[in-house]
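Biologist: I would like to learn how to read a model like this one. Please take the features one at a time.

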Amino acid sequence: MSACGLAPLPADGTAFERFAADVRAGLGGPGRKSLPPMHLYDALGSALFEAITRLPEYGVWRAERRVLERHANDIAACCQADTVIELGSGSATKTRLLLEASLRRHPVSYVAVDVSPSALEGTRATLRDLDGLAVTLVEADYLSGLERALQARGNAGRVLVLFLGSSLGNYAAGEASRWLGAIRRSLRSGDGLLVGVDLDKPARRLLSAYADPLGVTAAFNLNLLARMNRELGADFDPSSFRHVARFDPRTRDVEMHLRSLRAQQVHFARLGLSVVLRAGETIHTESSHKYRTEELDALAAGAGFRPAGHWRDDAWPFLEALYTA
Ligand code: AVI
């Protein structure tokens with residue numbers, strides 16, 4: 001503990017500055033309160049997300065694992081990548097299936113990019129015993145991590161970028177196309193991009209995935225308040241908020257919010273910031289878009305990618321799509 005009784009500042013000053021700036025922008029102004037979903041993933045948030053992937057109601061993770069269990073060999077054959085760069089590697093359990101299939105063909109290096117050091121530790125542990133795989137871990141946000149990984153690629157070889165787990169769904173529509181454009185501009189012709197997205201499905205199934213009966217997703221969401229207390233010196237009382245999941249069939253987004261159960265004022269000791277919440281007011285913490293296949297193809301084409309393969313899970317509709325730069 002430091003002299004003021006707060007936990008020490010995070011070692012990475014830029015991560016702290018980014019969190020502080022996002023809180024000022026998202027909670028300090030007069031409009032709808034909102035925080036970027038990347039801040040859900042501190043060490044505890046990453047562990048809670050791992051728990052979510054094991055919930056029977058959250059079909060997303062298992063659907064992608066089934067696709068990779070069935071089709072990793074075909075995907076590896078289509079890509080022929082020498083270097084695999086994964087954005088948001090998490091526990092890398094599913095990635096391992098693809099790396100094993102690639103290593104059966106030729107040597108591969110793997111670069112994992114994640115904002116969470118604990119997630120990168122999980123990546124390392126999962127891949128520790130994969131013979132012949134050179135692993136590099138990059139603790140960074142996706143774009144700067146991708147740039148760092150590509151700087152090290154040298155002249156030869158083909159790169160495959162992995163963006164799995166429906167992480168693209170956490171970007172707003174305009175942001176998703178800008179993001180795919182940024183990836184495309186950083187790649188060379190012939191490189192690949194493998195994207196996994198959750199597909200549209202009935203609201204009932206989606207809502208039970210994002211408001212599970214055990215309350216694991218609620219804890220994942222409420223942990224953001226606890227994180228602001230720990231890192232920014234805020235005085236949120238998490239018991240005066242409720243996790244809310246809503247599905248909007250027009251946008252095909254599942255939205256997560258934290259609803260304030262009473263009128264309250266929250267103070268951030270480290271930011272010199274006070275935030276007023278009305279009873280019933282919400283903080284939007286995540287949108288999870290549910291794609292259609294043609295929608296993803298159009299987005300990728302708009303960014304300059306050509307389609308190279310589609311693999312689907314039908315039990316929990318999910319799409320793994322390969323594109324070539
Ligand atoms: C990481 N991301 C794709 C997950 C999703 O489904 O949008 C995060 C998540 N939020 C609630 N449950 C899982």
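Biologist: In which helix is Arg205 found?

Modeller: Helices (H or I, at least four residues) and strands (E, at least two) are DSSP runs, numbered from the N terminus. Arg205 belongs to helix α8, residues 203–210. This is a predicted model, where local features need pLDDT of at least 70, side-chain atom pairs count only at pLDDT 80 or more, and totals for chains, interfaces and linings use all residues. Residues are numbered from 1 along each chain as its sequence is written, and side-chain values use heavy atoms, with hydrogens and water left out.

Biologist: Does Arg205 count as buried, partly exposed or exposed?

Modeller: Buried means under 20% relative accessible area, exposed over 50%, and partly exposed in between (1.4 Å probe, protein chains only). Arg205 has 29% relative accessibility, so it counts as partly exposed. Across the protein, buried residues make up 51% of the 325 residues.

Biologist: Which residues is Arg205 in contact with, leaving aside neighbours within four places in sequence?

Modeller: Contact means heavy atoms within 4.5 Å. On that basis Arg205 is in contact with Ala315, Trp316 and Pro317, once its neighbours within four places in sequence are set aside. For the protein, take the contacts between residues at least 6 apart in sequence: 73% of these join residues at least 24 apart.

Biologist: How many helices and strands are in the protein, and why is it called as compact as a globular protein of its length?

Modeller: The protein has 10 helices and 13 strands. Its radius of gyration is 20 Å, close to the 20 Å from the globule rule for 325 residues, so it is as compact as a globular protein of that length. The radius is taken over C-alpha atoms, and the rule is 2.2 Å times the number of residues to the power 0.38.

Biologist: Which residues are closest to the ligand?

Modeller: A residue is near a molecule if one of its heavy atoms lies within 4 Å of it. Here 14 residues surround the ligand, and the closest are Tyr58, Asn170, Tyr210, Glu286 and Ser288. The shell divides into seven nonpolar, six polar and one charged.

Biologist: How far from a ligand oxygen atom are the polar side-chain atoms of Tyr58, Asn170 and Tyr210?

Modeller: For Tyr58 the distance is 2.5 Å, for Asn170 2.9 Å, and for Tyr210 2.5 Å. The ligand taken alone exposes 340 Å², and the protein buries 96% of that; such areas come from the Shrake-Rupley method with a 1.4 Å probe.

How values were computed:
A polar contact is a pair of N or O atoms within 3.5 Å; within protein, one must be able to donate a hydrogen and the other to accept it, and residues adjacent in sequence count only if both atoms are side-chain atoms. Ala, Val, Leu, Ile, Met, Phe, Trp, Tyr, Cys and Pro count as nonpolar, Asp, Glu, Lys and Arg as charged, and the others, Gly among them, as polar.
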